[in-house]
Amino acid sequence: MQRKHIATVFTCILLLFSMLALAHEEENDDKVLEAKKTALELTAQKHLTKLDATLSVAEKQNLNTVDLLITKENFKEAIDGINAANTKEELKAAQDQLAKIAQDFRKQAKAAAVDVYKSEVNAEIELQLEKGKNATQQYSDRAAEARRTAILRLFDHHVE
């Protein structure tokens, strides 16, 4: 009879440790998701700078920018969707949406003949990236901090 009690207590302890491990995994998943969200947001902000530079050159050359402006606004709205993602699948869907919008922008820019002014676009991109360096540095810092936290939590969990 005493062996059954010891076995039951031992099973309860194992169950408790399993539950604690699952709780740590969920916490780590949240940290990893946050790191991925900030990294995607950083990439999207840099790409938005490129869209702005392309639009700037197109406007200087008096090209039709109506479709490009609409697509850029769609891209901004999709960036806002990154923070709304609560799962890896939702984040992947936001990433796919951003990629599709960026591809649409490229097609529209080519149709508007912006690619003829490629050297001007590249120079404007460099200028815009330099101007926005402080803003993107903030996103870079947040992304690095989120990755560092996720790695430390994962390491702590592994050691436990």
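1. A residue is called buried when its relative accessible area is under 20%, exposed when it is over 50%, and partly exposed in between (1.4 Å probe, protein chains only). In helix 3, the buried residues are L91, A94, L98, I101, A102, F105 and A109. An α-helix has 3.6 residues a turn, so residues three or four places apart point the same way.

2. This is a predicted model, in which local features need pLDDT of at least 70 and side-chain atom pairs count only at pLDDT 80 or more, while totals for chains, interfaces and linings use all residues. Residues are numbered from 1 along each chain as its sequence is written, and side-chain values use heavy atoms, with hydrogens and water left out.

3. The protein chain has 5 helices and 0 strands. Helices (H or I, at least four residues) and strands (E, at least two) are DSSP runs, numbered from the N terminus. Of the 160 residues in the chain, 29% count as buried.

4. Helix 3 contains 24 residues and spans 35 Å from its first C-alpha to its last, close to the expected 34 Å. The expected span is 1.5 Å times one less than the number of residues. Just after helix 3, A113 has a positive phi of about 70°.

5. Helix 2 (residues 66–84) packs against helix 3 (residues 88–111) at an angle of about 170°, and their axes lie 9 Å apart. Axes are lines fitted to C-alpha atoms, for helices over the stretch in contact, and angles run from 0 to 180 degrees between N-to-C directions. The two helices are therefore roughly antiparallel, a label for angles over 145 degrees. Their contact involves 13 nonpolar, 5 polar and 4 charged residues. Ala, Val, Leu, Ile, Met, Phe, Trp, Tyr, Cys and Pro count as nonpolar, Asp, Glu, Lys and Arg as charged, and the others, Gly among them, as polar.

6. The largest nonpolar core holds 26 residues, and L68, F75, I79, I82, L98 and V114 have the most contacts inside it. Such a core is a set of buried Ala, Val, Leu, Ile, Met, Phe, Trp, Tyr and Cys residues joined through side-chain atoms within 4.5 Å. Helix 1 gives the largest share of this core, 9 residues.

7. Not counting residues up to four places away in sequence, I82 touches K37, L40, E41, A44, L91 and L98. Contact here means heavy atoms within 4.5 Å.

8. E124 sits in helix 4 (residues 118–131). Why does E124 count as buried? The reason is its relative accessibility of 9%. Leaving aside neighbours within four places in sequence, E124 is in contact with A53, S56, V57 and K60.

Note on methods: Angles under 35 degrees count as roughly parallel, over 145 as roughly antiparallel, 65 to 115 as roughly perpendicular and the rest as oblique.
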